[in-house]
Amino acid sequence: MDAPVPFSRRVAVLGATGSIGSSALDVIARHSDQLRATVLAAGSNVPALVALCRSHRPDHAVIADPARYAELRDALADAGLSAIQAHAGEAALDALVAGQACDTVVAAIVGAAGLSSTLAAARAGKRLLLANKESLVLAGALVIAAAQASGADIVPIDSEHNAIFQCLGSRQAGAQVRRIILTASGGPFRGRSRASLETVTVAQAVAHPKWSMGPKISVDSATLMNKGLELIEAAHLFDVGRERLDVLVHPQSLVHSLVDFIDGSTLAQLGLPDMRTALSVGLGWPQRLESGVGGLDLLAHGRLDFEAPDMEAFPCLRLAWEALAAGGAAPAVLNAANESAVSAFLQGRIGFLAIPALVEDALAAHAHAPAETLEALLAADGLARRFSQDWIHRTTGHAVSA
C-alpha cells in the first residue's frame, strides 16, 4: 500500500459553536500537522466564539450579527488575542470564505442563513464540506453549477450523503446506480400514531435517541422533515431523479445509507453515530484520517432493523417528496415554511402537528412561484416566510418572526 501523501489545509469552520463545528474542530485538533482552523464563524454567541479562538488560535473570527462586532473585537483584546482579526456580518464572512484565508470550508450554518457563504465557497473553487442541507434545498442547481464552473470539490457531511459518497467514491452516481437509499433513525417518536403526537413537548421533540444535534435539526428529525430535506439534497448532490431515491427507517443508526447497483450489488457504509467520521472523510479525502471514533462491534450491537417510514404519522416526508417532484420554487417554499414552523414550535407558539400543516398550506399557496434565478428563489423564500407568519397569527393569535 502506498504511503499517504502529505497535505496541508487551512479550514474555515462556519457554525463553529454548534455541534458540527465542535466535531470539526475536534478532528482538526487531532491533525495539527495537516489541518489548521484559520477562520471561525458563529451566529451571535461572542463568549463561545472567543473561547474557541483561545483554544484554536485562528487568524479570523466572524460574528454574524453586525451589532456585536465591537463586543467581539474587545473580547478578543481582553483575552490577549488581538492578533485574531474580528469581523461581523454576512459580507465579511463571504469575503473571507472566497479569499486567501482558507482553502477548505466547513459549511455548518443552520438554515437558509448558510446559503450566501456556501455559494461564496462554491464560486471560489474551495473544498466545500457541506453540512448545510438547506443551501441545496433552496438553491441546489445554482450551488452545483457554481461548483462545476469553479472546480470546487464538494464533500457532503450529512452522515447519509457522506455514506453515499463513500460507497460511490465520488459524487458521480451515473447509470451504474439503480437506487440510493437513505436511512432514518425514525427520531424520538418512531412507532407512534399521528393522534398521539398532538401533545408532544419541545423537550420530547429535541431528545434525539441517537444523535447529538441542535434544536432545529432535532425537531426536523422528529418530524422526518430532516430526511425529506436530505432527499432533495441527494437529488442535487448525486444527480439522480426522484425515482432512484428511497428512505428506510433504521433505528440503530449504524447503516448510514446504501447504494444499489445495476449488477445486483448493494454497498452500505456503517459506523457509530458520530459526525466526526464524516468530517474526517471530508477533511482528508481521498485519505483516511483518525477521527476519534471507535470501530463498530456488530456482535455487541446484535441486530440491524429496517422498516418503511410512516408518512401518515409524519407527513413532512411526504411533503418533501412532493416538493422534489414539483421542482422549481417548491423546495425553497418547503424549507422556508418549515424553518418558520419549527421556530414557532420551539418558542411554544404552535403544536408539533402544526408544523406539517403550515408547510402543506405554504406549498399550496406558493409552490409555483418563479424560480429561474437566485433572486427569484430568495423572493419565494420570503413569500413563504411571510405566509408562515400570517398563518401562525391567524391560527394562534401569536405574531411570530421567521
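Predicted model: local features only at pLDDT ≥ 70, side-chain atom pairs only at ≥ 80, totals over all residues.

Reader: In what order do the seven strands of the open sheet lie?

Author: Strands (E, at least two residues) and helices (H or I, at least four) are DSSP runs numbered from the N terminus. Two strands pair if DSSP finds at least two bridges between them. The pairing in this open sheet is parallel, and the order is β4-β3-β2-β1-β5-β6-β7.

Reader: Which strands stand at the edges of that sheet?

Author: A strand at an edge has a single partner strand, so one side of it is left without a neighbour in the sheet. Neighbouring strands of the sheet are turned by 20° against each other on average, direction ignored. The edge strands are β4 (85-88) and β7 (153-156).

Reader: Which residue of β5 is the bridge partner of A12?

Author: Strand β1 (residues 9-14) and strand β5 (residues 104-107) run parallel and are joined by four bridges. The partner of A12 in β5 is V105.

Reader: At about what angle to β6 does helix α11 run?

Author: Axes are lines fitted to C-alpha atoms, for helices over the stretch in contact (heavy atoms within 4.5 Å), and angles run from 0 to 180 degrees between N-to-C directions. Helix α5 (residues 115-123) lies across β1, β5 and β6 (127-130), at about 150° to β6. Helix α11 (residues 275-284) lies across β1, β2 (35-42), β5, β6 and β7, and its angle to β6 is about 170°.

Reader: How many salt bridges does the model hold?

Author: A salt bridge is a side-chain nitrogen of Lys or Arg within 4 Å of a carboxyl oxygen of Asp or Glu. By this rule the count is 22.

Reader: How many residues apart in sequence are the parts that K216 and E134 tie together?

Author: The side chains of K216 and E134 meet in a salt bridge of 3.1 Å, N to O. K216 lies in helix α9 (residues 215-223) and E134 in helix α6 (residues 133-150), so the parts tied together are apart in sequence by 82 residues.

Reader: Is E134 buried or exposed?

Author: Buried means under 20% relative accessible area, exposed over 50%, and partly exposed in between (1.4 Å probe, protein chains only). K216, at 13% relative accessibility, counts as buried. E134 has 4% relative accessibility, and therefore counts as buried.

Reader: Which strands hold R179 and D260?

Author: The side chains of R179 and D260 meet in a salt bridge of 2.8 Å, N to O. This pair links distant parts of the chain, 81 residues apart: R179 is in strand β8 (residues 177-184) and D260 in strand β10 (residues 255-261). With 31% relative accessibility R179 counts as partly exposed, whereas D260, at 10%, counts as buried. The strands asked for are β8 and β10.

Reader: Which residues does H208, listed by UniProt for "binding site", touch?

Author: The listing comes from an unreviewed UniProt entry and also includes S185 and S221; UniProt positions are given in the numbering used here, feature names are shortened, and annotations may be inferred rather than shown by experiment. H208 is found in the loop between α8 (202-205) and α9, and is buried with a relative accessible area of 12%. Not counting residues up to four places away in sequence, H208 touches S185, G187, M213 and S221.

Reader: With which residues is N226 in contact?

Author: N226, also in the UniProt "binding site" list of the unreviewed entry, has its place in helix α10 (residues 225-237). At 9% relative accessibility N226 counts as buried. Leaving aside neighbours within four places in sequence, its contacts are K133, I217, D220 and S221.

Notes
Residues numbered from 1 in each chain as written. Heavy atoms only, no water.
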